Amino acid sequence: MSNMNIKRVKSSEIEFKDRLVSIQRVTKVTKGGRTFSFSAIVVVGNENGVVGYGLGKAKEVTAAIAKGVDDAKKNLIKVPILKGTLPHEQTGKYSGAKVFLKPAAPGTGVIAGGAMRAVLESVGVKDVLAKSKGSSNPHSVVKATIDALVQLRDPMTVAQLRGISLDKVFNG
């Protein structure tokens, strides 16, 4: 991930909703038999441009989820949202997972698959078209979606970076 756009956010200041993306029962075989533990992928967000994901592992489901939530609050990113959708099309990639996000007209809703849907809803996007290509592994899909969101730029930032007025960004 490129680190120039990752805006760190303090988790203590905001109210978060967490969404469980997937939970797996993992087995470790020891000489005394099988030991089960759970790994949970959790996405947290304030539904207003801040989102993060975390992985928690524990012997019990609830503990795994709680750990995942704590972990998610430690790596949050800020995403520019324009009128309930994204400022522009964006692709993201992580390992074998590739995602494509496209802004949509109001009333479209979140058109996205499982793991992506959780991330996009948590970040507060109301209308978006999304497609996941390649690997459907929830770990990778979540990270690829976050990667795409990190790369989003709002028009103000683009104008500043290029040193031009806002109108020129749109009218080129």
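This is a predicted model: local features need pLDDT of at least 70, side-chain atom pairs count only at pLDDT 80 or more; totals for chains, interfaces and linings use all residues.

Me: Where does Ser-22 lie?

Reply: Ser-22 is part of strand β1.

Me: Buried or exposed, that Ser-22?

Reply: Buried. Its relative accessible area is 14%, and the cut-off for buried is under 20%.

Me: Which residue is the bridge partner of Ser-22 in β2?

Reply: That is Ile-41. β1 and β2 run antiparallel, with 13 bridges joining them. β2 covers residues 33-45.

Me: And Ser-39, where is that one?

Reply: Ser-39 sits in strand β2. Its relative accessibility is 7%, so Ser-39 counts as buried.

Me: What does Ser-39 touch?

Reply: Not counting residues up to four places away in sequence, the contacts of Ser-39 are Ser-22, Ile-23, Gln-24, Val-26, Leu-55, Gly-56 and Lys-57.

Me: OK, zoom out. What is the strand order in the sheet?

Reply: The order is β1-β2-β3-β4, in an open sheet of four strands with antiparallel pairing. β1 (17-30) and β4 (76-78) are the edge strands, and each pairs on one side only. From one strand to the next, the twist averages 15 degrees.

Me: What holds strands together in general?

Reply: Backbone hydrogen bonds, with the strands either parallel or antiparallel.

Me: How many bridges join β2 to β3?

Reply: Eight, and these two strands run antiparallel. In one of the pairs, Ile-41 has Leu-55 as its bridge partner in β3.

Me: And how many between β3 and β4?

Reply: Three, again in the antiparallel sense. Val-51 has Ile-77 as its bridge partner in β4.

Me: Is β3 mostly covered or mostly open?

Reply: Mostly covered. Seven of the nine residues in β3 are buried.

Me: Which helices pack on the sheet?

Reply: Helix α1 (residues 61-74) lies across β1, β2, β3 (50-58) and β4. α1 runs at about 145 degrees to β3. Helix α3 (residues 138-150) packs on the sheet too, and touches β1, β2, β3 and β4. The direction of α3 makes about 160 degrees with that of β3.

Me: Give me a residue in β3.

Reply: Take Ala-58, which is in that strand. Ala-58 is buried, with a relative accessible area of 11%.

Me: Which residues is Ala-58 in contact with?

Reply: Setting aside neighbours within four places in sequence, Ala-58 is in contact with Ser-37, Phe-38, Ala-63, Ala-64 and Lys-67.

Me: How far apart are Ala-58 and Phe-16?

Reply: 22 Å in space, C-alpha to C-alpha. In sequence, 42 residues separate Ala-58 and Phe-16.

Me: Where is Glu-47 placed?

Reply: In the loop between β2 and β3. Those strands form a hairpin with four residues between them. Glu-47 is partly exposed, at 29% relative accessibility.

Me: What about phi of Lys-83?

Reply: That phi is near 50 degrees, a positive value too, and Lys-83 is a residue other than glycine. Lys-83 is found in the loop between β4 and β5 (90-94).

Me: Buried or exposed, Lys-83?

Reply: Exposed, with a relative accessible area of 79%. The cut-off for exposed is over 50%.

Conventions: Residues are numbered from 1 along each chain as its sequence is written. Side-chain values use heavy atoms; hydrogens and water are left out. Two strands pair if DSSP finds at least two bridges between them. Axes are lines fitted to C-alpha atoms, for helices over the stretch in contact, and angles run from 0 to 180 degrees between N-to-C directions. Contact means heavy atoms within 4.5 Å. Buried means under 20% relative accessible area, exposed over 50%, partly exposed in between (1.4 Å probe, protein chains only).
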